[in-house]
Amino acid sequence: MNLTLFHMLIFFLFISNPYVSYVASATLRNINTNTDKQVLISIKSQTTTQPLDALATWDQNSTSPCNWTRVLCDGRGRRVVGLDLSNLHITGLVSPHIGNLSFLRSLQLQDNQFHGKLPETIANLIHLRLLNISSNNIQGTIPANISRCMQLRVVDFMQNQISGSIPEELTLLPNLQTLNLARNRLSGSIPPSIANLSSLSTLNLGTNTLSGSIPSDLSRLVNLKNLDLTINNLTGTVPPSIYNMSSLESLAVASNDLWGDIPYNVGDTLPNLLVFNFCINRFTGTIPGSLHNLTNIRIIRMAHNRLHGTVPPGLGNLPELEMYNIGYNNIVSSRGEGLGFLNSLVNSTKLDFLAIDGNHFDGVIPDSIGNLSKKLRILFMGSNRISGTIPPSIGQLKSLALLNVSYNSLSGKIPPEIGHLEDLQELVLAKNRLSSNIPTSLGNLRNLTKIDLSSNDLEGSIPISFRNFGRLISMDLSMNKLNESIPKEVLDLPSLTTILNLSRNSLSESLPQEIGLLERVVTVDLSNNRLSGNIPNSIQNCKSLEHLMLSENFLSGNIPSTLGQLKGLETLDLSSNLLSGSIPLELQNMKALQFLNLSFNNLEGKVPSNGVFSNLSRVHLEGNPKLCLDVGCRRGGSHRLIVISITVIASVLAMLLSITLFLYFRRNNSTIIGAPYSFKGQHLMVTYDQLRSATGNFKEENLLGRGSFGSVYKGCLSLEGQMREIAVKALDMETTGSLPSFLAECNALRHLRHRNLVKLITSCSSLDHKNTEFLALVYEYMKNGSLENWIGNGMRFLERLKVAIDVACGLTYLHHECVVAPVVHCDLKPSNVLLDEDFTAKIGDFGLASMLIDKDQSISSTHVLKGSMGYIPPEYGMGAQPSTKGDVYSYGIMVMEIFTGKSPTHESFAGGLSLKMWVQSAFPTNLDQVLDPDMVQEPEEDGESVNMKIQLDCLKTVIGVALTCTNESPEGRITIMEALRKLRSVQDMFHKSINMRR
């Protein structure tokens, strides 16, 4: 007898006999509960939980599942109506059998590790009201047949890997009140038909890759309280009708590509707002003053936009305010008020987060800052124009976990009262003018994880009290005037893992043996100090080291062979010390080592040939005249390297010396001018015949390019027994200025050593086969050619950004870190930027370079107008002397060219229009109209393109840097160091955004 016939029989018995009716009812209930029990047993058999016995009550021998844990039955105990398997760490697929629980009203699978697709059988659950599968790894698309579950009130699919578009069928659920699809990989546009979900109170589509505009139809959701569209690719303006949704309590559209003015009366039209989040877009206008009238508002976030004007009055009206973030806009102080608006926030006793950084606020920090909320944890005030001192009252903010006032003009002492902030985890006071000693009271900050006091005028010793930093991860005290020895206690910080940077101070005495206690730290930079003595063998214990910089000290003795035990070391810089002895063979076994600088020491003996030494472009050994590449070269010989040191006091003396050198060269057929490569015992002797042979008689097919003063050829030359690819720059002696250019380039490069500068191997002054003068410079060969050849050829965003950062690094070295004097390149352009096999950008062609002796005097190769058309700063045309500001201008133009794909000499720039004007006219609202259309989006690990909105956010900052570099007035331009800092922050922001999306 089949089940249907059986049910019919029960029905007839039921209506004919009460006793039979009772028995039949019980039998039918048992059949129904037994059906649900078998489904649950089947689900359990495919499920592994943590703890393993979480579903121990699910027993096959049990008469009913209604007593099982995490199972809910209806009032009469007939059917399972609720199933809660949340937070059991379940792995595997969602069982398709779940669709057989046909009376299920609530299904909660959140906070597990389910993967695979959501089974189509879920659509069988027609009584379902709550469906929560959030925080799993569910993939695939949203099942279109979910529209059959007409009773659904809550759909929560947040934080999975769901892809595809939002199905129109999802908008056919008339009773839906909550739709949460955040943190997935949904793409396409937002369906306007979502407006049909008239009961909807919460709509969260944040952190996806949705594109297009915000549908104005959403304003028809009259019951909507929470609208979250953050972190997508949405473009255009916010529809005006959205600002009239009076029911809204939370409006969040952060991290998109939205623009337009925020209505000043938004607080009037959205009177119930508690959360207003418009961060990281392109919004313009001023801060809406009406927001300050919303006495119940908790969160106001408008950071990283293009807002201007001042902070409107009314901040004192916000007693419930928890977060106020207006960082990185163009907000200024009201005339004469400075930071006085902070006084109004005293009434916001629940304030937890305050950020005004990255604006143009001036004035002093008011003493009343100590009266801010006792709950304040985060305080960002950096990158403004704040002056004066740090008020001691700041020590009253007992709950502070982060204090950042970096990149301002603060002076005076660090108040000892900061040591009272016992909950402080990050203290960042970098790039100010703080002076005097570091307060010992800072040692009371036992919860500190990061301390950055770099780039100030701090003096005295490093406090021994720093030994109390039991949780410190990062310490940067660089670029100060700290002296005395490095306290042993500071090195005994087991938690230190990221960086210890004490560089550019006046620390003295020997390097303590306790440096070996830094077992977990990744970067140690003690360069540019006055440290002496030997490098301790205990450094072998620093097993996590990836970067070790000890250059520019007075370290002596041998290089410890135990350095070879640092298997993860990538950078080792021991240059400009007094180290002696041979290079330990153990260094060639360091497989991770990418950069080794041992230059300017007293090393001797044979240079190892394996490991990092097999690629001499990664090794710097110049300034060690007793080093050699083979045993025989130790004896030296009669072929000593002739080094012509050009040390000039004034430009006239420089030219006289140049003439003397030229006459000298003419008398000597094969003379080598001091080259960075000349570290061997037997010196390089390159003749015209060798270069002629190396370049195939200067064949046309080996021609790499022609410049103002000569041609560059590719060649292959044997240097100390090793064949190396080289680039030979042969000067045209008939061109006016070629000799001064030659001498200037030699003079500049003999002092310069940096990974972002093209390395000069040697140079030659000889006679060619026609018995005429021949001058040539021999460089390392750059396999990827010049940047000029890559622009417009499909470079990715990160590749372009990396090139811009590399060039900025090289310029920073030239302008601010040269030992002899600042060097001005004078001809920065894409054709003078070369790319090696790893796509590292290096600045080349120093034929027009100038060395600055002081502010009013430079040593130059020529007195003609410096630079190339389109890149020359305007002041040079007015007769101004070469300056670092001129290089910054050229750099800004080049950055625009890198990201727009257009040269400043492009034919479209005519009739008064220039590259700068063109870019400026589109900045920031229409930036996409000037970007290089061939710019390739970055791929993610799964092959999909990175959020274009993230790239546009980053590009806004990059182009902003370029425009600031090209200010008409030299005084209005930022330094290359500041440009580098901002570009690196863009790079960091890009990677963090990508990681957040994953």
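Colleague: How many bridges join β27 to strand β29, and which way do the two run?

Modeller: In this predicted model, two bridges join β27 to β29 (residues 433-437), and the strands run parallel.

Colleague: Which strands form the open sheet, and in what order?

Modeller: Four strands form the sheet, in the order β27-β29-β31-β33, with parallel pairing. Now look at the edges: β27 (411-412) and β33 (481-482) each have a single partner strand, so one side of each lacks a neighbour in the sheet.

Colleague: Thanks! On to the helices. At what angle do α8 and α9 pack?

Modeller: Two packed helices are described by the angle between their axes and the distance between the axes. Here α8 (residues 797-817) and α9 (residues 884-900) pack at about 170°, with axes 11 Å apart. An angle over 145 degrees counts as roughly antiparallel, so that is how α8 lies relative to α9. Residues making the contact include F797, L801 and L811 of α8 and V888, Y891 and F899 of α9. By class, the contact has 14 nonpolar, two polar and two charged residues.

Colleague: And how many disulfides does a search of the whole structure find?

Modeller: A disulfide is a covalent bond between the sulfur atoms of two cysteines. The search finds one, joining C66 to C73 with an S to S distance of 2.1 Å. The torsion about its S-S bond is about -95°, so this disulfide is left-handed.

Colleague: Is C73 buried or exposed?

Modeller: C73 is buried, at 13% relative accessible area, whereas C66 is partly exposed, at 22%.

Definitions and conventions:
Residues are numbered from 1 along each chain as its sequence is written. This is a predicted model: local features need pLDDT of at least 70, side-chain atom pairs count only at pLDDT 80 or more; totals for chains, interfaces and linings use all residues. Side-chain values use heavy atoms; hydrogens and water are left out. Axes are lines fitted to C-alpha atoms, for helices over the stretch in contact, and angles run from 0 to 180 degrees between N-to-C directions. Angles under 35 degrees count as roughly parallel, over 145 as roughly antiparallel, 65 to 115 as roughly perpendicular and the rest as oblique. Contact means heavy atoms within 4.5 Å. Ala, Val, Leu, Ile, Met, Phe, Trp, Tyr, Cys and Pro count as nonpolar, Asp, Glu, Lys and Arg as charged, and the others, Gly among them, as polar. Two strands pair if DSSP finds at least two bridges between them. A disulfide is a pair of cysteine sulfur atoms within 2.5 Å. Buried means under 20% relative accessible area, exposed over 50%, partly exposed in between (1.4 Å probe, protein chains only).
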